[in-house]
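Q: I am new to this structure. Could you show me how to read its main features, one at a time?

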Amino acid sequence: MPKRKARASAASPRALITLAIAALVLFLLGESFLLVRSDSGRITLRRTLGIGDRATITRIVGQHARRAFAVMGVPIDSLRESVVEGRPAAVQWRIGFAPEQSLIKANFALTHFIEELGARVLSGRERIGKHGETVVTLVAGLPGMPTHEITLVRAAPPGEASALRRGRLAIVAYGFGDDEALAASFAKLPVPFAMAIVPGAKASASMFRAAHSSQREVVLHLPLEPINYPQVDPGPGTVLVTMRPARIASVLQHDLDQARPVVAVANHMGSLATQDMTVMGAIYHELRRAELPFIHLSPAAGAVCKSLAADLGVAYDEPGAVIDDEARQTRPKALERRWKEILAQARTREHLVVWVRATPLSRGWLPGAVDRKQLEGVDLVPLSLLLRKSGGI
């Protein structure tokens with residue numbers, strides 16, 4: 001009899017463990033069933049594990065985006081939908097708004113509804129249309145899988161169309177090198193422009209301080225490996241194609257910490273690095289986390305930056321014009337001629353971003369160049385107003 005009790009006692013814990021495992025398995029199966037059946041679960045599976053087809057994700061994001069605009073009171077018949085193959089986001093929406101309706105509220109509502117789902121607004125851009133209408137273009141979906149390009153069009157109030165058709169222009173001064181005095185003198189100019197500053201040099205920290213103390217918008221001018229490096233050398237802290245992604249991320253994080261606040265990151269040289277998927281992927285991963293756009297100067301023929309930015313949900317821009325050789329000369333004649341061409345271009349375009357090399361000549365020329373009479377028909381605006389932005393307008 002005692003031996004039988006011992007066997008019964010030994011069997012009891014094993015039975016309990018078996019029951020517990022069975023209960024846990026049933027619970028996990030139930031949770032998995034709920035996960036694959038719910039919209040947010042399907043989004044989570046696609047975002048974290050890559051499970052789920054694009055058509056299903058597109059349908060789910062579209063349903064929740066429609067709910068956002070319904071809450072805003074946007075009539076359903078004002079939404080026009082089309083499918084354009086070959087675009088990062090194949091589904092194209094165009095939605096009309098009355099002059100009194102708020103596009104900021106519409107963007108907030110869209111962001112709120114799809115973020116609850118687990119998706120997000122990947123980028124946004126605002127411009128003025130040919131007839132004075134305000135046009136906001138948002139790209140929504142998942143990082144690496146944009147699903148919808150949503151264009152919000154608000155008609156201009158009566159009588160304001162002509163005023164809103166003015167061109168908008170932003171200036172970025174760049175090329176300070178290690179010339180601390182030149183950067184300080186530019187920062188003090190009574191002219192609205194941003195400053196692009198290269199990190200890692202001896203004078204970089206003081207240049208960032210001078211720019212911020214003068215209320216300048218700052219672009220981090222990130223040194224990237226060019227072809228023929230090190231004969232062509234961007235300077236200390238250059239991101240090299242031989243670096244591992246973790247090292248690249250560490251370099252960029254360090255540079256951003258030194259430069260903040262910044263409105264964008266641009267390449268300083270980089271004709272080789274901008275053709276490398278691994279390098280740019282590591283950089284874009286950090287920019288997406290920081291919700292910062294990438295500005296690509298003088299793209300090389302084989303550069304991967306633009307297409308990769310679309311794939312990874314990073315805002316991407318290129319300058320409309322760059323003033324370089326003209327600013328290096330001893331007399332301003334070529335500089336003035338180039339500026340007239342740029343202003344004429346700005347008057348016919350919705351917006352234009354111009355990068356101007358910092359030299360003693362351009363420093364003396366710039367205040368007169370942005371005189372109101374010179375700018376007739378063009379408004380000088382902050383760089384941040386004209387950049388595409390990750391995560392919203």
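Q: Which residues lie nearest the centre of the largest pocket?
A: A pocket is found on a 1 Å grid over the protein atoms alone: it is an open set of points where a 1.4 Å probe fits, with protein on both sides within 12 Å along at least five of seven lines, and lining residues have an atom within 4 Å of a point. Here 33 residues line the largest pocket, and Ser-123, Arg-125, Lys-306, Tyr-316 and Arg-388 lie nearest its centre. Among the elements that give two or more residues to this lining are strand S3 (120-128), strand S4 (134-142) and helix H10 (305-312). Helices (H or I, at least four residues) and strands (E, at least two) are DSSP runs, numbered from the N terminus. S3 gives the largest share, five residues.

Q: What kind of model is this, and how are residues numbered?
A: It is a predicted model: local features need pLDDT of at least 70, side-chain atom pairs count only at pLDDT 80 or more, and totals for chains, interfaces and linings use all residues. Residues are numbered from 1 along each chain as its sequence is written, and side-chain values use heavy atoms, with hydrogens and water left out.

Q: How much space lies in the largest pocket, and what classes of residue line it?
A: A volume is the space filled by probe spheres set on the grid points, which are joined across faces, edges and corners. For the largest pocket that is about 790 Å³. Ala, Val, Leu, Ile, Met, Phe, Trp, Tyr, Cys and Pro count as nonpolar, Asp, Glu, Lys and Arg as charged, and the others, Gly among them, as polar. The lining has 18 nonpolar, six polar and nine charged residues.

Q: What about the second largest pocket?
A: About 500 Å³ of space lies there. It has 29 lining residues; His-221, Asn-267, His-268, Met-269 and Arg-357 are the closest to its centre. Strand S9 (264-269) gives the most to this lining, three residues.

Q: Which residues have the most contacts inside the largest nonpolar core?
A: In soluble globular proteins, nonpolar side chains tend to be buried together. A nonpolar core is a set of buried Ala, Val, Leu, Ile, Met, Phe, Trp, Tyr and Cys residues joined through side-chain atoms within 4.5 Å. Buried means under 20% relative accessible area, exposed over 50%, partly exposed in between (1.4 Å probe, protein chains only). The largest core has 65 residues, and Leu-169, Met-280, Ile-283, Tyr-284 and Trp-339 have the most contacts inside it. Helix H9 (residues 277-290) supplies the largest share, six residues.

Q: Is Thr-274 buried or exposed?
A: Its relative accessible area is 1%, so Thr-274 is buried. Thr-274 sits in the loop between S9 and H9. Contact means heavy atoms within 4.5 Å. Beyond its neighbours within four places in sequence, Thr-274 is in contact with residues including Leu-224, Asn-267 and Met-280.

Q: Why is the pair of Phe-176 and Phe-186 called edge-to-face?
A: A pair of aromatic rings is described by the distance of the centres and the angle of the planes. Rings of Phe, Tyr and Trp (its six-membered ring) pair if their centres lie within 6.5 Å; planes under 30 degrees apart count as stacked, over 60 as edge-to-face and the rest as tilted. The centres of Phe-176 and Phe-186 are 5.6 Å apart and the planes are at 80°, so this pair is edge-to-face. Both residues are buried.
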